[in-house]
Amino acid sequence: NQTDRELKKAGVARIPKFVRSSRELLVLWDEAYLTRLWCVYELAVAQSARARTAIRMMPLGMSVTLVKLHVLIFASQLAHRLLNVFVPQKDVRSVLFVLIRGCCFALVARASSDMARMLRSLEDEFGFFRVRSTRISDEEDRRI
């Protein structure tokens, strides 16, 4: 509850117990993740000596990239099969196949570049992280 101070305090007090009882903390990370105080608090609790909870970071954009890669692989295989059926000339089929595969490889390279950018951004964010820079709706929450 974000409006009732006592309920909020009680909820925050239970975060350590909840995190410690978990085997893993899955962080669905975006560029704003480390700017939110409660997200940072959950990470700190998970890394405390008492918790030893495994943390897995998953950039939100990663799922989109993985779907793109799967669609590209499927499209490439489908194109290969369709070329074999509808283009009887082996020379023409080979040229078309190389063009299609080249386009797919270019798109895979783009998706890989996006993935690398996300991971670099994640590393940078941890490297320059400061608790004081986190956002919070009520400054009084920093004292909870």
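Biologist: Which helix holds both W38 and Y41?
Modeller: This is a predicted model, where local features need pLDDT of at least 70, side-chain atom pairs count only at pLDDT 80 or more, and totals for chains, interfaces and linings use all residues. Residues are numbered from 1 along each chain as its sequence is written, and side-chain values use heavy atoms, leaving out hydrogens and water. Helices (H or I, at least four residues) and strands (E, at least two) are DSSP runs numbered from the N terminus. W38 and Y41 are 3 residues apart, about one turn of the helix, and both lie in α2.

Biologist: How are the rings of W38 and Y41 arranged, stacked or edge-to-face?
Modeller: Rings of Phe, Tyr and Trp (its six-membered ring) pair if their centres lie within 6.5 Å, with planes under 30 degrees apart counted as stacked, over 60 as edge-to-face and the rest as tilted. By this rule there is 1 aromatic pair. The ring centres of W38 and Y41 are 6.3 Å apart and the planes stand at 80°, so the pair is edge-to-face.

Biologist: Is Y41 buried or partly exposed?
Modeller: Buried means under 20% relative accessible area, exposed over 50%, and partly exposed in between (1.4 Å probe, protein chains only). W38, the partner of Y41 in the ring pair, has 22% and is partly exposed. Y41 has a relative accessibility of 29%, so this residue is partly exposed.

Biologist: What covers the buried residues of α2?
Modeller: The buried residues of α2 are L37, C39, V40, L43, V45 and A46. Two of them, V40 and L43, are in contact (heavy atoms within 4.5 Å) with L34, which also touches E125, F126, F129 and T134, residues up to four places away in sequence not being counted. The cover of the buried residues includes α1, β1, β2 (54-59) and α4.

Biologist: How do α3 and α4 run, roughly parallel or roughly antiparallel?
Modeller: Axes are lines fitted to C-alpha atoms, for helices over the stretch in contact, and angles run from 0 to 180 degrees between N-to-C directions. Angles under 35 degrees count as roughly parallel, over 145 as roughly antiparallel, 65 to 115 as roughly perpendicular and the rest as oblique. Helix α3 (residues 60-86) and helix α4 (residues 90-127) have axes 10 Å apart and pack at about 175°. The two helices are therefore roughly antiparallel.

Biologist: Which residues does S76 touch, not counting those up to four places away in sequence?
Modeller: S76 has its place in helix α3. Its relative accessibility is 5%, so S76 is buried. Beyond four places in sequence, S76 touches R101 and C104.

Biologist: How far apart in space are L72 and F105, C-alpha to C-alpha?
Modeller: L72 lies in helix α3 and is buried, at 13% relative accessible area. Beyond four places in sequence, L72 touches C104, L107 and V108. L72 and F105 are 33 residues apart along the sequence, and in space their C-alpha atoms are separated by 8.7 Å.
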